[in-house]
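Dear colleague,

Please find below the structure that I am handing over to you. My notes on its salt bridges and on one residue of interest follow it.

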Amino acid sequence: SDLDPAVITGQTALAVAPADTDEFLISDAGVLKRLDASLIGGANTPAFYAHNTSATSCSASAHTKIIFDTEIFDSDGKFDNSASRFTPTVAGKYFVSSQISLASAQDGANYRNELYKNGSLYAQSQDWMYGGDYTTNLNSVVDLDTDDYIEIFVYHNSAGGTKNTVTTNKANFFSAFRIIT
């Protein structure tokens, strides 16, 4: 039906974010049209953030999956903390971040924070250890479809043998969120 300019006042303010079923009036090259709020933007979900409270033992010269046993948030229940695996079930591009800290690094040892997609290496950050606890960060954008999954591994070749992840101050974390495109 036609709009009645006498009833369009704008006197009532919207106090919360618009619902997907709310509508806006827009002018599209001079033609008034209704636009559903669901077509504007979107949510950066699924999203999660997890860290570990128990150390993961990482053998030298091996790719060790890091266990993130504590979820800080998980918007859609897509992070499995028992398997330390994120399976978003919503196709899209995802920003992924992780930080891994190993205790008692040996000088000159190679150290990698590795992002695996569907069981294969997808991206990594690499550095050389120089004594004490050592931390490396990894950030990546990953295309995921409905059944893809991602996990975090660590590799080191420290002659000192097995190294444990640091568990204080949430030193190790894994997070991801869908990018609105």
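I begin with valine 96, which has its place in strand 9; strands (E, at least two residues) are DSSP runs, numbered from the N terminus. Please note that this is a predicted model, in which local features need pLDDT of at least 70 and side-chain atom pairs count only at pLDDT 80 or more, while totals for chains, interfaces and linings use all residues. Residues are numbered from 1 along each chain as its sequence is written, and side-chain values use heavy atoms, with hydrogens and water left out.

Valine 96 has a relative accessibility of 0% and counts as buried. Here, buried means under 20% relative accessible area, exposed means over 50%, and partly exposed lies in between (1.4 Å probe, protein chains only). Apart from its neighbours within four places in sequence, valine 96 is in contact with residues including Leu115, Leu138, Ile150 and Phe174; contact means heavy atoms within 4.5 Å. Leucine 138 is 42 residues from valine 96 in sequence, and their C-alpha atoms are 8.0 Å apart in space.

Turning to charged pairs, the structure holds 7 salt bridges. A salt bridge is a side-chain nitrogen of Lys or Arg within 4 Å of a carboxyl oxygen of Asp or Glu. Three of these pairs are described below.

Lysine 93 pairs with aspartate 143, with 3.1 Å between the closest N and O atoms.

Arginine 85 and glutamate 151 form a salt bridge of 3.2 Å, N to O. Because arginine 85 lies in strand 8 (residues 85–86) and glutamate 151 in strand 13 (residues 150–156), the pair joins parts that are 66 residues apart in sequence. Arginine 85 is partly exposed at 29% relative accessibility, whereas glutamate 151 is buried at 5%. These two residues also belong to a network of salt bridges that links Lys65, Arg85 and Glu151.

Finally, glutamate 23 forms a salt bridge with arginine 34, in which the closest N and O atoms are 3.3 Å apart. This pair connects strand 1 (residues 23–28) with strand 2 (residues 31–36), its two residues being 11 residues apart. Glutamate 23 is partly exposed, at 46% relative accessible area, and arginine 34 is exposed, at 64% relative accessibility.

With kind regards

Notes: Helix = DSSP H or I, 4+ residues; strand = E, 2+ residues; numbered from the N terminus.
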